[in-house]
Structure formats: C-alpha cells, structure tokens
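Me: I have a model open on my screen and would like to understand the labels attached to it. Could you take me through them?

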Amino acid sequence: MHSGKVVIIGSGFVGTSIAYAMLIRGICTEVILIDVQRVKAEGEAMDLSHGLPFIRPVAIRAGGYEDCRDAEVIIITAGANQKPGETRLDLTQKNAAILRSILEQIARYTQEAILLIVSNPVDVLTSVAREYPGFVPERVIGSGTVLDTARFRYILSRRCGINPASIHAYVVGEHGDSEVPLFSSASVAGSPLSALCRECGAACDLDWRQQVIQEVKGAAYEIIERKGATYYGIGLATTQILRAILRDEQTVLTVSGWLDDRYADLGVAMSVPCVIGRGGIIRRLDMPMDQEEKELFLNSSATLRESLRCALI
Ligand code: NAD
C-alpha cells in the first residue's frame, strides 16, 4: 500500500509536532489525526490546515480508526507523558494498556500498515505491539534512539565545531536511562573521534566523555524540568523515519525493533542501526562496540526485559 497516507494516533504535543514537521517537509499526501479527545484532534487539524497555502498540497483532517484502512504508516503517540521525576519505565503499564486498546481498533481495519510507535516507554511498547497477533514484526518500528542519537551528535558537534550531520555516532539500546552512546565507533570523515581529539588538542578525555554521556541521557529530564514535555526534537526525528519509509530511502537510523539471532535473541525490542525503507526495517547492521559498551548494551536489554515483564502482567 503506497498511499502516502499517514495516520497519527494521539494529537498531543508529540503527535501535532510530528504532523507540523511532516507538513513542512512535504513528505506525505494525507494526514489523519485521531485522539480520544476528538474535538482536540479537530482543532489541531483546523489549525494545521490554515498553513496549507504555504506548503506542498496535502490533505489533513481529524478522523477515526476506519481511516487506518488504506494508511501506509500509522504513528502512535497516544498515552500519558513523562511527569517531572518520573522515568519512562514508570509509564509502562499505563501506556501498554492504552496501546493494546489502540491495536485492537487498528487491527479491525488493517494489519498491512507500518506501525511506528513513539509513545513511551517506546521499546517496551514496540515489543508489546510486536507480540500482538497479526502485525508483521519488520513493520512494527519504535522511534527508539533516533532522537538520542541526534542529541549525541549535537552535543559532540558543539565541542568539535562540526555540523552534527557530518558526525557519525550512534546511541544504541533502550530509549531511556540504560541507553549506550557509542564513543568507540564515533567518527568524522572516516577518522575515529579519538584521532580528531588528538588533532585539535581539546583534551576530550574520559571525564569529558562521561559528561557527554550524562548530558545525552539527561537531556529529556532537563527539558521536562524546564518546560514540562519534549516534542520538537521527536517531531523532527519521527519525520526522518517516516521519510525513509515513504520514500524507500534505505537510510540508516537507530530505530527500535525486535533483535534477531545476531544479537542472541535478546527477547525485547531495542535500538541498533537499521536500514529503513518502504518495508520498514530492511536489515539490522552490526555495530562495533568495545567490551564495556557491549556489557552496557546487554545490561540495557536486561532492564528492558524486566520492564516488558511488568507490562505483560
Ligand atoms: P500529550 O498528553 O500532550 O498527548 C497525548 C495524547 O494522547 C492526548 O491528546 C490524549 O488525549 C491522547 N490519548 C490518550 N489516550 C488515547 C487513546 N486511547 N486513544 C487515542 N488518543 C489517546 O503527550 P505528549 O507530550 O504528546 O506525549 C505522547 C507520548 O510520547 C508520551 O508517551 C511521551 O512519553 C512520548 N514521547 C516519546 C518520545 C520519544 O523519543 N519516543 C519523546 C517525547 C515524548
């Protein structure tokens, strides 16, 4: 189904930021907003549609689950968001129940569309959706650490004075406290970051690396502390995933998906660099990690398995 039609379930901060970024980037033909608060979805669709004279033609309106029938991608952002001091895993049971009720409604109309899960805890919810009967595993994707990877590159870019788009560095594992920013494979123009540090003499030592890791991991908490929620960054990150799917780009992105045998079947969805195209996750790539990173990655999977166990109770 190459309809270019995208359904967004949840018209809160995140759902509408995704819609806004998508419209501006002109990557879809139709956008439908669904929310339990139907009136809110209608208001958001009206507001967004008043910008149509300034962008590429696209149809946008509020709708219902019957609109999923011919959707190419269904993005799920519905659910409670993280409150100050609350971890993403605290949200688990609440949002798992909401997700199941949404999947039940979607499944009445389609099991063909790609499901792109953004609600938190995103890896656990991606695992829950993957277990739900009928949906094809490769077509169930979580936004994973695409945003965390962007934060990592941004933080490195400020230090290195290099455009974040020219920095190759990835965050793998959970989208959350146990995520693993990979320094050992971070590179610029084919050179490991460590070689660049020697060259510029900025003394990017172990302490500095720990600070960067803490900054990446703490980014959402810092934003939530100041403004209550995060949404612009995830709006753009999700749009990048969406574009890779709709345009069959084969772009490498650290989305969350079920890991295959190469990762010893970790029993939970989590992020590694994946090639993304029209079929969803086309393939997963091997990620070089040093011994410490490998251990942290396995610890992250253990954290997520425990959380998934809670979600399945
Ligand atoms: P929000 O409260 O602004 O919006 C949530 C929306 O979901 C509300 O409009 C609500 O009415 C709707 N909703 C609730 N239950 C529903 C249901 N059963 N069916 C349809 N709609 C329903 O929250 P937000 O700030 O937009 O955050 C949404 C989710 O995105 C949260 O789980 C948050 O943690 C997550 N998030 C993820 C990332 C990421 O990187 N993956 C980043 C930021 C936020």
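Reply: Happy to! Let's begin with the terms: strands (E, at least two residues) and helices (H or I, at least four residues) are DSSP runs numbered from the N terminus, and two strands pair if DSSP finds at least two bridges between them. This is a predicted model, where local features need pLDDT of at least 70 and side-chain atom pairs count only at pLDDT 80 or more, while totals for chains, interfaces and linings use all residues. Residues are numbered from 1 along each chain as its sequence is written, and side-chain values use heavy atoms, leaving out hydrogens and water.

Me: What makes β12 and β15 a pair?

Reply: Strand β12 and strand β15 (residues 274-277) share 3 bridges in the antiparallel sense, and the definition asks for at least two. So they count as paired. In this pairing, V252 stands opposite V275 in β15.

Me: Why is α4 called oblique to α9?

Reply: Two packed helices are described by the angle between their axes and the distance between the axes. Helix α4 (residues 122-131) and helix α9 (residues 291-312) pack at about 55°, with axes 9 Å apart. The axes are lines fitted to C-alpha atoms over the stretch in contact, and angles run from 0 to 180 degrees between N-to-C directions. Angles under 35 degrees count as roughly parallel, over 145 as roughly antiparallel, 65 to 115 as roughly perpendicular and the rest as oblique. The angle of about 55° falls in the rest, so α4 is oblique to α9.

Me: Which residues of α4 and α9 meet?

Reply: D123, V124, S127 and V128 in α4 meet L304, S307, L308 and A311 in α9, where contact means heavy atoms within 4.5 Å.

Me: Why does E292 count as exposed?

Reply: E292 sits in helix α9. Its relative accessibility is 53%, and the cut-offs are under 20% for buried, over 50% for exposed and partly exposed in between (1.4 Å probe, protein chains only). Therefore E292 counts as exposed.
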